[in-house]
Amino acid sequence: MSDFAPIVAPARQPQRASIGQPLKRREGVAKVTGSAVYAADNHPPGMLYAVMAVSTIANGRVSGLDVAAAKAHPGVVEVMTPANRPPLAKDPDDRDNPFMFRLDVLQNDRVRYANQPIAVVVAETFEAATEGAALLAPTYEAEPPQLDMNADAAAFVPDSVGPGAPTQAVVGDVEAGLAEASQRLDATYETPDQYHNPMEPHAIVAAWDGDRLVIDSPSQAMTIARGRLAGLFGIAADDIFIRSPFLGGGFGCKGAMMSPQVLGALAARLVNRPVKLVPTRAQMYGPLGHRGATRQTLRLGLDDAGRLTALSHHARTTSSVFDEFFEPAANISHTLYASPAISTSHDAVRVHTGTPMFMRGPGEASGSVALESAIDEAAHACGMDPLAFRLANYAEQEPISGKPFSSKRLYDCYAQAAERFGWAKRVLAPRSMRDENGLCVGWGLGTATFPVVMFEAEARAIIRADGTGVVETGAQDMGQGAWTALAQIAADSLALELDRTVFNAGASDLPDAGVAGGSGHTATVGNAIDAAGRDAIARLIDMAVDDADSPLHGVPAEQVVARWGRLQAGDDAARSESYADVLRRAGMAEVEGHGRGRADADVAERYAMHAHGAVFAEVKVDPDLGQIRVTRLVGAFAAGRVINPRMVESQFFGAMIWGLGFALHEKAETDPRSGRIMNADLAEYRVPVNADVAGIEALVIEEHDPHVNVLGIKGVGEIGVTGTVGAIANAVWHATGRRVRRFPIGIADMLDDDAATG
Ligand code: MOS
């Protein structure tokens with residue numbers, strides 16, 4: 001690993017020509033014409049179809065399965081149950097790290113949540129497998145499920161929340177701050193279970209060749225997936241080949257290998273033929289992760305000038321009865337508003353659901369809903385405009401740590417979005433604006449923030465004898481535009497035109513691209529690519545300046561610049577030659593560079609690193625019918641260097657629309673008796689459709705951050721959710737005077753007098 005280029009900034013300023021261009025998706029035509037290959041599109045010769053049978057109870061055990069009936073069905077080849085499931089080298093209930101999830105892969109007859117896999121039917125056709133699964137007619141010994149997160153007696157403090165964050169943090173004396181406050185707010189907010197619902201399910205096509213496994217399956221983290229499968233099957237990671245070029249959405253739930261994918265590989269092993277397993281939409285509500293419900297209590301103290309004297313944020317969350325992921329909802333309060341005293345804490349209740357996991361803005365999304373609502377309530381209590389109130393509590397350094405921010409242009413986000421929105425015309429009192437049709441108009445604001453996250457990634461960059469380049473890394477494109485943005489970085493890293501740079505990604509035999517998650521993919525992989533390209537060029541420069549036949553012979557290497565496929569002595573265009581000439585004279589086919597992207601621990605020690613933004617929302621509420629419409633959303637975001645403004649705007653739009661769904665639509669409805677989810681389909685699990693998004697704008701605020709990483713990239717994938725939900729909730733309050741603290745906000749909240757709590 002010693003041949004990796006250092007991650008410190010280079011002396012030579014590299015060419016930045018593709019970076020910053022609003023290019024269209026390179027794979028866009030392939031996707032809209034159907035030629036892009038997704039996992040379930042693969043049909044290796046001899047492939048069989050697997051269909052899961054899933055539990056209809058949430059707690060208990062399976063007492064009977066009519067395997068004979070299923071096996072007798074024409075076309076059924078095999079039925080996999082705990083009785084004949086191939087052995088695993090590792091207990092699927094073991095877990096070594098916070099990025100690993102416990103699995104339900106037919107290890108026994110226990111049922112721990114509804115929709116848990118209880119058998120897999122393998123058949124010659126999908127229809128036969130589906131019919132065979134229906135013939136299993138399971139019987140159960142059911143026990144009452146524990147589903148109530150308000151069961152205080154069952155609450156406990158987990159060891160950690162999210163991917164291993166501490167459950168508690170304190171700075172200053174919160175009780176003293178509350179005692180001295182002239183205004184106090186104490187409010188509890190609730191968010192529901194939500195499911196990721198990517199368009200593409202966790203499909204898998206698995207094929208064994210002896211102890212080698214080839215799989216096509218969507219993954220946000222191929223190397224982690226490979227390691228997980230290697231551990232379970234007791235084979236070497238190098239003997240597993242994963243292809244994951246395109247994902248039909250991920251949002252966190254494809255960050256780990258989940259039970260249905262492992263079952264697909266197990267079924268293929270059992271029948272010794274390739275197998276395809278595609279969960280149904282309904283089967284995605286259980287074994288494939290979700291955002292657990294939260295109940296969050298905020299206590300705020302305020303002085304006469306509307307400044308916080310104390311901020312306490314306690315989050316109750318849920319997890320499954322068998323695993324450890326807890327939504328870290330309170331941690332958002334570490335960062336956003338200045339307060340001399342802050343305390344955050346979490347507790348949790350185990351319920352009979354599938355295990356919650358990372359879901360777009362895990363922690364920040366649900367936490368900001370409560371914090372931004374509470375801040376708005378506090379502004380009202382102080383008689384202040386919500387923007388003026390936020391500016392009065394602007395954090396000049398990170399409140400919980402006292403560290404300076406590596407960069408923070410939140411002020412500019414507020415200012416530019418407010419200007420664009422027309423915030424100055426807002427009437428302070430709620431329920432005081434009406435449109436020409438008599439609808440109640442409300443304007444609300446939410447602050448957005450998300451931490452700078454980097455995983456670890458590697459890349460390889462090659463300059464070929466014909467002067468073209470190849471850049472390779474195992475990066476996944478889950479629809480966010482990584483294939484385009486990373487290719488732009490690749491071209492610039494080699495100082496080549498984009499069409500002279502081949503960018504290869506999407507398979508596990510390429511250098512490890514880490515995790516497409518935490519909004520950190522472009523930062524991590526982009527910096528690996530940048531370092532690899534610069535490493536390749538540095539090798540080429542060394543060859544040129546050492547070569548007596550080169551016009552660059554004897555020029556100090558640090559004075560040579562690379563530009564459009566040529567090396568040149570500083571500004572002296574007369575002293576230059578092409579990459580191709582250097583390689584041809586040396587008789588070499590190519591020169592190869594390597595690079596790595598990862599967080600710099602020293603920088604993280606010194607700086608608080610976050611992206612910021614502000615979202616303004618206009619809603620209109622029908623005073624008679626209670627219908628809520630979001631008529632305008634204007635966001636402004638400062639997230640470091642922007643690689644592709646078109647892709648970045650699209651990320652902000654997607655996350656803001658997600659925020660709209662969080663505020664007004666999304667909720668998994670669980671039957672309190674059976675534990676089954678009653679709206680496990682895209683008809684009744686509501687997400688926004690086009691008609692729900694009337695007007696949306698996202699302003700990109702230019703931000704130069706010299707600390708976060710060489711390229712200065714923060715991350716854009718998740719932040720848009722965090723400001724939008726609060727902005728809409730606050731706009732609903734401003735329109736109606738109704739402060740709804742239970743999400744999603746619905747028509748009933750607008751009509752039921754008991755719901756008017758503000
Ligand atoms: Mo994201 S929830 O880290 O895919």
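Tutor: Strand 21 and strand 22 form a hairpin with 2 residues between them; G570, in the turn, has a positive phi of about 55°. The model is predicted, so local features need pLDDT of at least 70 and side-chain atom pairs count only at pLDDT 80 or more, while totals for chains, interfaces and linings use all residues. Residues are numbered from 1 along each chain as its sequence is written, and side-chain values use heavy atoms, without hydrogens and water.

Strands are DSSP runs of E, at least two residues, numbered from the N terminus; two of them pair if DSSP finds at least two bridges between them. L567 has E577 of strand 22 as its bridge partner.

The domain assignment, automatic or from a database, gives domain 1 (363–453 + 604–751) and domain 2 (457–598). Their C-alpha centres lie 39 Å apart. In the contact (heavy atoms within 4.5 Å), domain 1 takes part with 15 residues and domain 2 with 16 residues. Together they bury about 1200 Å², 57% of it on carbon and sulfur atoms; this is accessible area (1.4 Å probe) lost on being put together, summed over both parts. V453, I643 and L711 supply 38% of the area that domain 1 buries against domain 2, more than any other three residues. Across this interface there are 0 salt bridges, by the rule of a Lys or Arg side-chain nitrogen within 4 Å of a carboxyl oxygen of Asp or Glu.

Definitions and conventions: Helices (H or I, at least four residues) and strands (E, at least two) are DSSP runs, numbered from the N terminus. Buried area is the accessible area (1.4 Å probe) that two parts lose on being put together, summed over both.
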